[in-house]
Amino acid sequence: MATEDPASGDESTASESFVRVADADELRDEERTVARADGRAIALFHHEGEFRAVDNRCPHMGFPLADGTVDDGILTCHWHHARFELSCGDTFDPWADDVQSFPVEVRDGEVYVDPHPDPDLPPVEHYTNRLQTGLEESLRLVVAKSVVGLADEEVPYADPLEQGLTFGAQFRDDGWSSGLTILSAMANLHDQLRPEDRKRALYTGLYHVAEDCQGEPPTFDQPSFSTRDLSRERLEEWFRETVEVRDRDGAERCLQTAIETLEPAEVADILYLAATDHLYMDAGHTFDFVNKACEALDHVGWDRADEILPSVIPRLTEATRSEELSSWRQPIDVAELAFDAYDELPELAAQGDEEDWDAPEGFVDTLLSDDPEEIVTATKAAIQNGATPEELAGAVAQAAGRRVARFGTSNEFNDWNTVHHTYTYANAVQKAARRTDSPATADSTAAYRGAIAGAASVYLDRFLNTPPTPIPDGTEVEAPDDLHGELLGLFDEEGEVDAAGKLVAAYLADGGDPAELKRVLGEGLLREDAGFHTLQNVEAAFEQFDLTDDPEQARTHLVATARYVAAHVPTRRSAEQTFTIADRLHRGEKIHES
């Protein structure tokens, strides 16, 4: 800033970086003007006897601040009424961001500004701070601008991912929920998306975390036990018992001690075991959330486990246990069949320890049958014949994927959620089986139990495939000449469920590149206001496609998710609009003139 008292004209006192921008007398008369200095549009003001200079672009949405109002040292933007302290540019409104101010000098009746002052904070620190504000205030535009800015500074995506994870774990006393699950899922999708969609995925996860935490009380962590002489077996026993009696604080102390003393795979296995002591808890969400927390730590490092993992405990201690539900007890007691199979696991696993399992022909068809006793018998026989936890869980995931791919659109719309829950649960069980290394003869191998419960849930979903929609084999329509245009065109219309499935099948049957298909599906997903389940479904389908060796079976997963997405689009795409505004602001475009 500069006062009415002009400088003497000794230019040696001025930095060479200063640029002449206005006549001082004219600016006093006009009180404001806009000048350009080194390509920057600068709003100049004469207010209360002083010269001020700020960036002419409002940091919120780019409106020209020279068209705003100045009163009592406050500059107010007329578009959204963001207010700024004129002398330094600091905002009164956290959603608006601070506006850049510039040093001013007056020499020989001329106004000079330095258009390139040293920043108050390095850009990475600035955007990191702004991301924290966006999370705390649940401000989508601030989150989007922070993600774009950090990416432009070439900050690894794991850094803002870690910031979002620790924020979500700390500021939601009710624990891990959909927001953190979405953030972890988006991190899993990162490498399979178009480069420009990777920022969108991170933004999507972060703003869902912010909205999940808005208005929620923070959590206060329990410490680990001071002793370090506890065995894995003792910690596992204590943890599972405290979860059983819904003792959140006791469970957290056990878990924190396990984190301090055990290897990550052992900690994960203890959590998986607790998540399978009861059947299909919270419609499968509990196990999926535990697995997503572990996957999140794979991205940011297990040294953050003490901050992040305790957030899953409320999902364990407060979960609905499916054996308490009538649907699992009547008219056939499916829960009893599953628990009886649990009891036989040690003997079955011991018998299959030296065997190599080759899935019998039609095994997945058996899992999709109408006879729960036949299904459970088939899973027990698979274990007895050497099926590993991963192999059995993979077969259940394939069956669950077929339920989604064959979902009849004559069902009630909300029933999509039912087949979806089984699918994401089965995917989580298979991923857990790949992570842990429990001995096959353990009294309760988590992935075996999870696979059995998943098979039972596949059975309970059977009526949603009555009659089953045929899974397209790729011959129903011609392979698309323009996959991007044709598939996204279907997503622009309501109800193109079967058409989307047939298009994807035709593309893959014609030798289309699965990686390109994933990029197009990811683009279609991230431009929508996709809900929790839709975001989950695409991530699970990509995972299952990659885990499935047989091309025809693998194709089922991408057909299934194309149908699922098509059933849930188009949306208003408001989140994408916000991200696009943030990206255009970062590039210097004039949003208010578009």
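1. Let me start with the second largest pocket, which has a volume of about 510 Å³. A pocket here is an open set of points on a 1 Å grid over the protein atoms alone, with protein on both sides within 12 Å along at least five of seven lines, and lining residues have an atom within 4 Å of a point. Grid points are joined across faces, edges and corners, and a volume is the space filled by probe spheres set on the points. This pocket has 21 lining residues, and A359, E391, G394, A395 and Q553 lie nearest its centre. Helix 14 (363–367), helix 16 (389–405) and helix 22 (532–547) are the elements that give two or more residues to the lining, and helix 16 gives the most, with six. Helices (H or I, at least four residues) and strands (E, at least two) are DSSP runs, numbered from the N terminus. The lining divides into seven nonpolar, seven polar and seven charged residues. In this scheme Ala, Val, Leu, Ile, Met, Phe, Trp, Tyr, Cys and Pro count as nonpolar, Asp, Glu, Lys and Arg as charged, and the others, Gly among them, as polar.

2. A word on provenance. This is a predicted model, in which local features need pLDDT of at least 70 and side-chain atom pairs count only at pLDDT 80 or more, while totals for chains, interfaces and linings use all residues. Residues are numbered from 1 along each chain as its sequence is written, and side-chain values use heavy atoms, with hydrogens and water left out.

3. The largest pocket has a volume of about 1,500 Å³. Of its 48 lining residues, R40, D98, V99, Q100 and H126 are the closest to the centre. Strand 4 (40–47), helix 2 (123–137), helix 3 (140–152) and helix 24 each supply at least two lining residues; the largest share, five residues, comes from helix 2. By class, the lining has 20 nonpolar, 14 polar and 14 charged residues.

4. The largest cavity has a volume of about 80 Å³, and its lining has three nonpolar, three polar and six charged residues. Among the charged ones are R172, D173, D221, R248, E252 and E307.

5. The second largest cavity, with a volume of about 50 Å³, draws two or more lining residues from each of helix 6 (195–213), helix 21 (514–526) and helix 24 (574–587). Helix 6 provides the largest share, four residues. Here the lining divides into seven nonpolar, one polar and three charged residues.

6. On packing, the largest nonpolar core has 159 residues, and F239 and L487 have the most contacts inside it. Such a core is a set of buried Ala, Val, Leu, Ile, Met, Phe, Trp, Tyr and Cys residues joined through side-chain atoms within 4.5 Å. Helix 18 (residues 446–460) gives the most to this core, with 10 residues. Leaving out residues up to four places away in sequence, F239 touches A251, C254, L255, I270, L271, A274, I313 and L316, where contact means heavy atoms within 4.5 Å.

7. For the chain as a whole, the secondary structure comes to 24 helices and 10 strands. Of the 594 residues, 57% count as buried; buried means under 20% relative accessible area, exposed over 50%, and partly exposed in between (1.4 Å probe, protein chains only). The C-alpha trace spans about 95 × 65 × 40 Å along its principal axes. Among contacts between residues at least 6 apart in sequence, 74% join residues at least 24 apart.

8. Most residues other than glycine have a negative phi, and most peptide bonds are trans. The bond joining Q330 and P331 is cis, with omega about -5°, and the peptide bond from T466 to P467 is also cis, with omega near -10°. P467 lies in the loop between helix 18 and helix 19.

9. Two residues have a positive phi without being glycine: E31, near 75°, and R246, about 60°. E31 sits in the loop between helix 1 (24–30) and strand 3 (32–37), and R246 in the loop between helix 7 (232–244) and helix 8 (248–261). E31 counts as partly exposed because its relative accessible area is 47%, and R246 is likewise partly exposed, at 37%.

Conventions
1 Å grid on protein atoms, 1.4 Å probe; cavity = no way out; pocket = protein on both sides within 12 Å on 5 of 7 lines; lining within 4 Å.
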